[in-house]
Amino acid sequence: MSTSPSELLPAGAAVSFNKIGEAMAMGTCQANGATPMRALVATVVAVGPIERLGAAAEALQSLGDAGTVRGILISEGDNPAPPARVAGNTVALHGLPPAYFNNAVGALRLSSLPTLVWWRGGRPDTLDGLAGLAERIVLDDDEPESTWSRAVTLFEGSAFSDLRWARLTQWRALMAHFFDIPEVLAATADFSKLTIAGSDRMSARLFAAWLQSSLQFNAGFTVEYAEGSTKAMIDEVRLADHEQELVIRLSPHRTCLETQVSVQGHRSASRLVSLRDQTLTGLLTEELRIRARDGAFERALSRLVSA
């Protein structure tokens with residue numbers, strides 16, 4: 001089902017482009033009783049097909065209402081003067097040609113604050129211009145292969161991340177914690193197979209690329225992907241050889257991760273760890289706290305696209 005511009009910001013008002021700044025200032029003052037500019041920490045620009053901007057609009061409005069960000073939603077089209085809607089600290093532009101993206105972002109962003117581009121899909125070459133305007137680009141494409149290939153060529157110009165990567169944070173942290181155990185670290189070269197079960201193959205591939213770019217396994221090391229038993233991104237990660245294994249699995253209630261360690265010389269143990277907030281608003285809030293380039297992500301994505 002397609003999304004209309006008015007549905008992106010149903011409580012907003014239609015305005016001309018040259019009145020957007022005035023409308024945003026007026027709307028936020030009426031909603032909060034005072035100008036909230038001091039509380040803002042960034043401009044977030046969500047770019048993508050209009051059908052993927054509905055959820056983004058909800059997240060940006062939530063952050064904007066909390067006085068956190070100025071939100072800009074842009075969908076691609078062929079109208080150089082597209083209709084605009086403003087609701088509080090969020091504006092939506094529907095049907096803007098990619099050649100005009102930079103001008104629109106440059107005019108609407110808060111130049112004194114960092115700009116984060118939230119890429120929800122589109123022509124990968126559009127990333128080039130946006131990367132020159134943004135301190136960070138957070139990728140979030142349904143079918144990311146071509147976007148990822150483009151992104152690795154732009155790492156030197158802007159800091160990149162990905163919401164798949166963000167959703168994998170706890171999975172990666174728990175796997176890394178395994179190797180804080182001396183017996184596990186000593187057994188690194190013995191592990192011969194990584195098995196990842198889940199519904200999102202690209203997330204599984206990204207996790208595998210991260211692990212292989214972080215540790216040195218023997219030449220016979222293999223990766224196997226399997227369908228998960230739920231619709232979760234990942235259900236289980238298992239790193240093993242014939243006698244030893246490290247397991248991370250999603251709990252039945254899907255709110256926690258359970259770990260299990262079984263290696264020679266170390267007493268078998270398990271633990272339960274709560275998952276972080278996996279909502280778009282929660283993930284974006286975490287991304288806004290990050291300023292520097294993520295070397296681990298860059299290495300993982302570079303390995304994945306070159307495989």
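Start by selecting Glu286, which counts as partly exposed at 35% relative accessibility. This is a predicted model. Arg289 counts as exposed, because its relative accessibility is 56% and the cut-off for exposed is over 50%.

Next, select Glu236, Arg238, Glu245 and Arg249. Salt bridges with shared partners join these four residues into one network. A search of the whole structure finds 15 salt bridges, and two further ones are visited below.

Go to Arg120 and Asp140. Their side chains form a salt bridge, 2.8 Å from N to O. Show the secondary structure around the pair: Arg120 lies in the loop between β6 (115-119) and α5 (126-133), while Asp140 lies in the loop between β7 (136-139) and α6 (145-151), so the bridge ties together parts that are 20 residues apart in sequence. Is Arg120 buried or exposed? Arg120 is buried, and Asp140 is buried as well.

Move on to Lys193 and Glu224. These two form a salt bridge in which the closest N and O atoms are 3.0 Å apart. The pair links distant parts of the chain, with Lys193 in strand β9 (residues 193-198) and Glu224 in strand β10 (residues 222-227), 31 residues apart. Lys193 counts as partly exposed at 33% relative accessibility, and Glu224 is also partly exposed, with a relative accessible area of 36%.

Now turn to the aromatic rings. How many aromatic pairs does a search of the whole structure find? The search finds six. One of them to select is Phe217 with Phe221, a stacked pair with 4.1 Å from centre to centre and 10° between the planes. Phe217 and Phe221 are both buried.

Then select Phe155, Phe160, Trp165 and Phe297, which form one aromatic cluster. Arg172 lies over the face of Trp165, at 3.7 Å from the ring centre.

Finally, zoom out and colour the protein by domain. Domain 1 covers residues 5-134 and domain 2 covers residues 167-274. How many Å apart are the C-alpha centres of domain 1 and domain 2? The two centres lie 39 Å apart.

How values were computed. Residues numbered from 1 in each chain as written. Predicted model: local features only at pLDDT ≥ 70, side-chain atom pairs only at ≥ 80, totals over all residues. Heavy atoms only, no water. Domains from an automatic or database assignment. Phe/Tyr/Trp six-rings, centres within 6.5 Å; stacked < 30°, edge-to-face > 60°. Buried < 20%, exposed > 50% of the residue type's maximum accessible area, 1.4 Å probe, protein only. Lys NZ or Arg CZ within 6 Å of the ring centre and 35° of its normal. Helix = DSSP H or I, 4+ residues; strand = E, 2+ residues; numbered from the N terminus.
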